[in-house]
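Please read it with the structure open.

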2 protein chains.
Amino acid sequence: MPADDQDLAALCARLGRRLADAERPILDAHELSMWDYVVLSHLARAPAGTQLALARAIRYDKTRLIALLDGLEAAGLITRAPDPADRRAKVVALTPEGEARRAGVQREIRAMEADALGALPEAERARLRRALARAVDAVGRTPRASG
Amino acid sequence: MPADDQDLAALCARLGRRLADAERPILDAHELSMWDYVVLSHLARAPAGTQLALARAIRYDKTRLIALLDGLEAAGLITRAPDPADRRAKVVALTPEGEARRAGVQREIRAMEADALGALPEAERARLRRALARAVDAVGRTPRASG
DNA sequence: TATTGTTATACTCTATAACTATA
DNA sequence: TATAGTTATAGAGTATAACAATA
């Protein structure tokens, strides 16, 4: 299959779904859902912010985020502290355990990626990651109709 | 946001979701669902096959495919003919109207992609598409655990 | 009056099991 | 007996509306 004449969205969806399938057993082993990992990854990258800011950043519904954070908090991976500046808001932050769990999962995922894309030379894998990152930034800077 | 240190699956998901969001209004205008378009696109590329083969090729549940094909058939975009070799099976094929609809939608989607990724030079867009296609092929050739 | 976190409810999408007709 | 298509049902995932506390 050439797969070269397909739309970008279709190509992204196919590659994304395959990689997500390969991630699942890793996440399962560490007792994390896909969205759990998305939250931990974002907290590791962004300064601690409010729940609403987090929901918007990862494009997840704020109502669904509640139960997710409940689980992560009960597992000791994050903390929810009241914001001194605005007592309605709660600031979410990663615990050392949360960061350790996240780092371990990421290491395994990177190894899986290298294995899954083994047919591609190392240099091309890095190029693909950079190209994807640039594309994400590019579409991000063009806030379309729904924005 | 650098977005360069993220996992491949996360990058694919983010770019894919944004592009899918941008596709929706186009598909809506042509009265097609995302999966409708996936089916039409596959039929345009692959020789007419059975329903089960189609479901497997696009990785869609065979039971959900029924209602989808019902709609496409009622709209005159595809045909379902009994396979003379195996009277249990039905061969799905694109009608001229179906191909015209598909081509029109694809043209608009390509224009949308060029617009959404306008910040990226044309050459890099083409490189991204090729890199994604090669990556899809690469993971496809490594049938993992669940396979 | 508007907003943050929360809960409860309704809706959509997806997966499982069971049926028919052919093989 | 197994398979292609089909149907009906149950389950997970998602979105919408309403509420309490604070701004």
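A residue is near the strand if one of its heavy atoms lies within 4 Å of it. Of the atoms of DNA strand D that come within 4 Å of the protein, 69% belong to sugar and phosphate.

The model is predicted: local features need pLDDT of at least 70, side-chain atom pairs count only at pLDDT 80 or more, and totals for chains, interfaces and linings use all residues; side-chain values use heavy atoms, with hydrogens and water left out. Residues are numbered from 1 along each chain as its sequence is written, while chains are lettered from A and ligands numbered from 1 in the order in which they are written.

The surface near DNA strand D is made of nine charged, four polar and three nonpolar residues. Here Asp, Glu, Lys and Arg count as charged, Ala, Val, Leu, Ile, Met, Phe, Trp, Tyr, Cys and Pro as nonpolar, and the others, Gly among them, as polar. At least two residues each come from α4 (62-74) of chain A and from α3 (51-57) and α4 (62-74) of chain B. The most are given by α4(B), with three residues. Helices (H or I, at least four residues) and strands (E, at least two) are DSSP runs, numbered from the N terminus.

| Residue | Atom in the residue | Distance |
|---|---|---|
| R64(A) | side-chain N or O | 2.4 Å |
| L52(B) | polar backbone atom | 2.7 Å |
| R87(A) | polar backbone atom | 3.0 Å |

In chain B, three strands form an open antiparallel sheet in the order β1-β3-β2. Its edge strands are β1 (49-50) and β2 (78-82), each pairing on one side only. Strands pair if DSSP finds at least two bridges between them; two bridges join β1(B) to β3 (residues 90-94) of chain B. T50(B) stands opposite V91(B) in β3(B). Helix α4(B) packs on the sheet and touches β2 and β3 of chain B, where contact means heavy atoms within 4.5 Å. The direction of α4(B) makes about 115 degrees with that of β2(B); axes are lines fitted to C-alpha atoms, for helices over the stretch in contact, and angles run from 0 to 180 degrees between N-to-C directions.

E113(B) lies in helix α5 (residues 96-116) of chain B. E113(B) counts as buried because its relative accessibility is 2%; buried means under 20% relative accessible area (1.4 Å probe, protein chains only). Not counting residues up to four places away in sequence, E113(B) touches D7(A), L8(A), A9(A), R125(B) and R129(B). With the side chain of R129(B), the side chain of E113(B) makes a polar contact at 3.3 Å. A polar contact is a pair of N or O atoms within 3.5 Å; within protein, one must be able to donate a hydrogen and the other to accept it, and residues adjacent in sequence count only if both atoms are side-chain atoms.

Notes: Buried < 20%, exposed > 50% of the residue type's maximum accessible area, 1.4 Å probe, protein only.
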